[in-house]
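Keep the structure open as you read.

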Amino acid sequence: MSKDEIDGISCLWMRGGTSKGAYFLREDLPAGSQERDALLLRIMGSPDPRQIDGIGGADPLASKVAVLSASTRPDADVDYLFLQVYVDKSIVSDAQGCGNILAGVGPAAIERGLVAVAGDETPVRIHMLNTGQVATARIATPGGHVSYAGAASIDGVPGAHAAVPLMFEDTAGAMCGALLPTGNAVDVINGIACTLIDNGMPCVILRASDVDVTGTESRDDLDANADLKKKLEAIRLIAGPMMNLGDVTDKSVPKMTLVAPPQAGGTINTRSFIPHRCHATIGVFAAVSVVTACTLPSSAASAVAQLPDDGICMVEHPTGRTEILIERDDKGRVIRAGTLRTARKLFDGRVFPAPRLRPSAGTGVSGSNSGH
C-alpha cells in the first residue's frame, strides 16, 4: 500500500455555488500533473458512472477539484487551479475554470491559513490559474472565523447561507484569445446560426428553436434527446478549432448553450450542456458569456433576450435563475461582470484513495494539459 492509502490526504469537501468539490493544498498533492491526475481519479472513484469507490457524486457537478496555494502574484492572495474529474472516463481536465467552485475558494483559503482574516468581512483576491485572471471574493468572517450562515439564497441550492459576492475583470478572451475568437457575432455551422464567445467561459450559443426544441424542456428530457445531442456535438467539434481551442473531442469546452425567450421575468432562458449532459443550472462564467452575447446586437442571443436597465441580469436555467451583474462602457461593451454565490463547508478531514490498479488494468489519464 502507498503512503496516501495508509495515511490519507488532507481534504476539504465543499459546496461552491451549485457544485461540490474537493479542495486541496497544492503541497499535499504530487507535483507532476500526470501523477496528480491519476491520484484524483482514484480519490473521486473514476472512471465509474456511480463513482462508488470514491467521493465523487456521480455527476459532473459533484466531481470537481480545487487546488490552492499561496499566490505568486502581488495582486492576488491565493492561486486556484480548477480540475474537472470526469465521471465515467479516465480524464482530468484543466481546460476551463469554474465559477461555482470559485465561490468556495475564499472560505477554503481562510480555513487553510492561506489568507488572514481582516475583520468582519475579508476580501480574497483569487488568481485563477486556468485563465490567468483575478477575481475578488468577499467572505463573511465575524469573530475571526469564516461564517457560512446568512440570508443569501441562490436557485439550485436549498436554504440560505452567507453571501459570497464575486467580481471579475478582464475576462474577455480568457481562453480563446478574444471575446469573439472568429471576429464575428454570428457564425453559421451546419446551417445553424451560432455565437462563438468567450467572456470567462468558451460557449457556443444557439437558439433552441433552430435545433427543433423550445429550450424550456427539463434536463432529463434534453439528456434523453439523442438526435439533439448528436447535432450539438457535431457543431461543437467544428466550433472548437474556430475558437482556437483545437480538437475538443476530449475537452469539456466549449459549452453548448441553447437560448430562448425568458419564461419567468428574467433576461434570457438557457439550457447549457457541459458539454454532453444538460447542466442542472448554468456555470457562472458560462452565464457571464451568455449575458455578454445578449448585449451584442446581431448575436444568436440578442433577438430572444430582454436586457434590464440596471445591469442586473437574470439568466434562467432548469432549476431557477442565476444573477449576473454587468457594467458597460459608453459603447455598450461589457467591461466588468460579477455574481453572488454562496458556499458551505461540508466536511474537513482526510480522504483515502482507492488502491492503485495493476498495470494490466489499462487505466490511463488523458485530457489534462496542466502546466501549473
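Cys98 counts as buried in this predicted model, because its relative accessibility is 6%, which falls under the 20% cut-off. Cys313 is buried too, with a relative accessibility of 0%.

In soluble globular proteins, nonpolar side chains tend to be buried together. Which residues touch the most other members of the largest nonpolar core? They are Tyr80, Leu102 and Leu206, in a core of 81 residues. Helix H7, residues 284-294, gives the most to this core, supplying nine residues. There is also a second, separate core of 19 residues, with Ile9, Cys11, Ala22 and Phe24 among its members.

How many residues of H7 are buried? The count is 11 of the 11, so the helix is largely enclosed by the rest of the structure. Its buried residues run from Val284 to Cys294, and among them are Phe285, Ser289 and Thr292.

Now find Tyr80 in the structure. Leaving aside residues up to four places away in sequence, Tyr80 touches Cys98, the cysteine we began with, and also Leu102. Other residues that Tyr80 touches include Ala66, Val67, Leu68, Ile101 and Val105, as well as Ile126, His127, Met128, Leu129 and Asn130.

**The empty space**

Rolling a probe the size of a water molecule over the atoms shows where empty space is left. How many cavities of 30 Å³ or more does a search of the whole structure find? It finds one. The largest cavity has a volume of about 40 Å³.

Which residues line the largest cavity? The lining is made by Pro107, Ile139, Ala140, Val146, Ser147, Tyr148, Ala162, Ala163, Val164 and Ala343. Strand S7 (133-140) and strand S8 (163-169) each supply at least two residues of this lining. Sorted by class, the lining has nine nonpolar residues, one polar residue and no charged residues.

Conventions:
Residues are numbered from 1 along each chain as its sequence is written. This is a predicted model: local features need pLDDT of at least 70, side-chain atom pairs count only at pLDDT 80 or more; totals for chains, interfaces and linings use all residues. Side-chain values use heavy atoms; hydrogens and water are left out. On a 1 Å grid over the protein atoms alone, a cavity is a set of points where a 1.4 Å probe fits but cannot get out, and a pocket is an open set with protein on both sides within 12 Å along at least five of seven lines; lining residues have an atom within 4 Å of a point. Grid points are joined across faces, edges and corners, and a volume is the space filled by probe spheres set on the points. Helices (H or I, at least four residues) and strands (E, at least two) are DSSP runs, numbered from the N terminus. Ala, Val, Leu, Ile, Met, Phe, Trp, Tyr, Cys and Pro count as nonpolar, Asp, Glu, Lys and Arg as charged, and the others, Gly among them, as polar. Buried means under 20% relative accessible area, exposed over 50%, partly exposed in between (1.4 Å probe, protein chains only). A nonpolar core is a set of buried Ala, Val, Leu, Ile, Met, Phe, Trp, Tyr and Cys residues joined through side-chain atoms within 4.5 Å. Contact means heavy atoms within 4.5 Å.
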